Amino acid sequence: MGVDAAISPRPRAITVERTAGTLTIVWTDDHVSTYRLAWLRQVCPCASCNEARRAAQEDPLQLRVGPPPSDRVVDAALVGNYALRLIWADGHDTGIYSFAALRASCPCPQCNDGEPAGLAPPSPSPSTDASGKEPS
Ligand SMILES: [Zn+2]
Ligand SMILES: [Zn+2]
């Protein structure tokens, strides 16, 4: 029992500490991950944030118009049983953080020794399939 915890990590408890600005997940294997909300916002996996980060990389001097993204979470909701959706104070709510990615991105010394540059890819697809093309 519990052998599949490493394959599909499940949270046992999720706590948003608004004053500390952190999100803490206690996993079913008793591992505890604490993420800074500011970091979670930075690595928001939604399409528009991905696009914004890509654009920023291509043009580091790009002028940003508008208020900076909020790092305050007003609400959090489960998506099925595999992910967490965070609703930010500025209304941004399209980021869906899969538990697998969160666990893989755990910033504790055992896992990553600090915050990774980005959220782990949601589900590494098997790379052996070469789009069904057959050499003839
Ligand atoms: Zn986003
Ligand atoms: Zn960890």
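How many bridges join S5 to S6?

**Figure 1. Overview of the predicted protein chain.** This is a predicted model, in which local features need pLDDT of at least 70 and side-chain atom pairs count only at pLDDT 80 or more, while totals for chains, interfaces and linings use all residues. Residues are numbered from 1 along each chain as its sequence is written, and chains are lettered from A and ligands numbered from 1 in the order in which they are written. The secondary structure comprises three helices and six strands (DSSP runs numbered from the N terminus, with H or I of at least four residues for helices and E of at least two for strands). Along the sequence these elements follow the pattern β-β-β-α-α-β-β-β-α. Of the 136 residues, 17% count as buried (20 or more other C-beta atoms within 10 Å of the residue's own; exposed means 12 or fewer, partly exposed lies in between, and C-beta atoms are placed from the backbone). Among contacts with a separation of 6 or more, 35% link residues 24 or more positions apart (a contact means C-beta atoms, placed from the backbone, within 7 Å).

**Figure 2. Confidence along the chain.** The average pLDDT (the predictor's confidence in each residue, from 0 to 100) is 85, and 80% of the residues score at least 70. Residues 1-6 have pLDDT below 50, and this stretch has three contacts in the model beyond near neighbours in sequence. Where pLDDT is low, the predicted coordinates should not be read in detail.

**Figure 3. The sheet S1-S2-S3.** Three strands form an open sheet in the order S1-S2-S3, with antiparallel pairing (two strands pair if DSSP finds at least two bridges between them). Strand S1 (11-17) and strand S3 (32-36) are at the edges with a single partner strand each, so one side of each has no neighbour in the sheet. The twist from one strand to the next averages 15° (axes are lines fitted to C-alpha atoms, for helices over the stretch in contact, and angles run from 0 to 180 degrees between N-to-C directions). Five bridges pair S2 with S3 in the antiparallel sense. Thr22 has Arg36 in S3 as its bridge partner.

**Figure 4. The sheet S4-S5-S6.** A further open sheet of three strands has the order S4-S5-S6 and antiparallel pairing. Strand S4 (73-79) and strand S6 (96-98) stand at its edges; each has a single partner strand, so one side of each is left without a neighbour in the sheet. S4 and S5 run antiparallel and are joined by six bridges, including the pairs Asp75 with Ile87 and Ala77 with Arg85. These two strands form a hairpin with three residues between them, and Gly80 in the turn has a positive phi of about 55°. S5 and S6 also run antiparallel, joined by three bridges; Leu84 is partnered with Tyr97 in S6.

**Figure 5. The largest nonpolar core.** This core (buried Ala, Val, Leu, Ile, Met, Phe, Trp, Tyr and Cys residues joined through C-beta atoms within 7 Å) has 15 residues, and those with the most contacts inside it are Leu23, Leu40, Leu86, Tyr97 and Leu102. Strand S2 (22-27), helix H1 (37-42), strand S5 (83-88) and helix H3 (99-104) each give two or more residues to the core. Not counting residues up to four places away in sequence, Tyr97 touches Leu40, Pro45, Ala83, Leu84, Leu86, Leu102 and Leu119.

Key: Contact = placed C-beta atoms within 7 Å.
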